[in-house]
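Please look through the structure below.

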Amino acid sequence: MQLHENIPTLGGLGEPPPRSRREQLGLDGQRAKGEIVAFLRRARSRARLLSAARGLALLLAGLLLAALAGALLASVDGTLLARAVALLLAAGAIGGVVWFSLRSPLQTAAARARHPALLARLLGGPSELLSSVELASERTEGVSTELLALLHVRAAAAARAIDVRRALPASSLRGPLAALAGCALLWGLAAWLAPRNLAQGAARLLRGENGAPTVELSP
């Protein structure tokens, strides 16, 4: 019976040796890179939502303005010129939205998913986040892996402190929504001041009737 006491159990086989500081730092760096990728994914989803809403609001505002100008012009002249003016204004609205998308940092960061540094720069925060994102997408030959891992760990900590809703606020919709509301207000004023002319012009613009509109005698 005493022989069993000398037989080592499975628990006595020994535990694996502890990781070195370099190995542990490498694991922490990889974990931090995953956190940064997940954070940027959430931020890009919000940026895309805001950019789509801003672009759609500006496009609708331009199209409303083009339709209003065409309808008013068609109420006093032929539809050929009215349609030409409406199409010209609509094309200008589309071009304006494209120009706005190319110039706005939010629109650019939301559209260019292959350039996460643009989004990181837009989010602000400490410089470690931007440096980590830039180095993660570049070749890092000759750079110390320990320093890179430490940078990623600090960047992940900085990302956890960033509130995406504050960094990408919904207040960025004010300008485009104000433009849309202004164009809707112009439609309301036109419908209030000249309802018959607006209705006739819109009908003529849609039907494509040529020539001057018929004059209705007042009773």
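**Core and helices**

In this predicted model, the largest nonpolar core is made up of 23 residues. F39 and L129 are the residues with the most contacts inside this core. Five helices each supply at least two of the core residues: α1 (21-74), α3 (105-111), α4 (116-123), α5 (127-136) and α6 (145-160). The largest share, 7 residues, comes from α1.

What is F39 in contact with, leaving aside its neighbours within four places in sequence? The partners of F39 are L123, L129, A159, I162 and V164.

Helix α2 covers residues 79-103. Along α2, the residues T79, A82, A86, A90, A93 and V97 are buried.

Helix α8 (residues 174-193) has 20 residues. From its first C-alpha to its last, α8 reaches 28 Å, close to the 28 Å expected at 1.5 Å a residue. Which side of α8 is buried, and which residues are exposed on the face turned away from it? P176, C183 and A190 are buried in α8. These residues cover an arc of only 50° around the axis, so they sit on the same side of α8. The face turned away from that buried side carries R174, L185, W192 and L193, which are exposed.

Terms used: Residues numbered from 1 in each chain as written. Predicted model: local features only at pLDDT ≥ 70, side-chain atom pairs only at ≥ 80, totals over all residues. Heavy atoms only, no water. Core = buried A, V, L, I, M, F, W, Y, C linked by side-chain atoms within 4.5 Å. Buried < 20%, exposed > 50% of the residue type's maximum accessible area, 1.4 Å probe, protein only. Helix = DSSP H or I, 4+ residues; strand = E, 2+ residues; numbered from the N terminus. Contact = heavy atoms within 4.5 Å. Expected span 1.5 Å × (residues − 1). Arc of directions from axis to C-beta.
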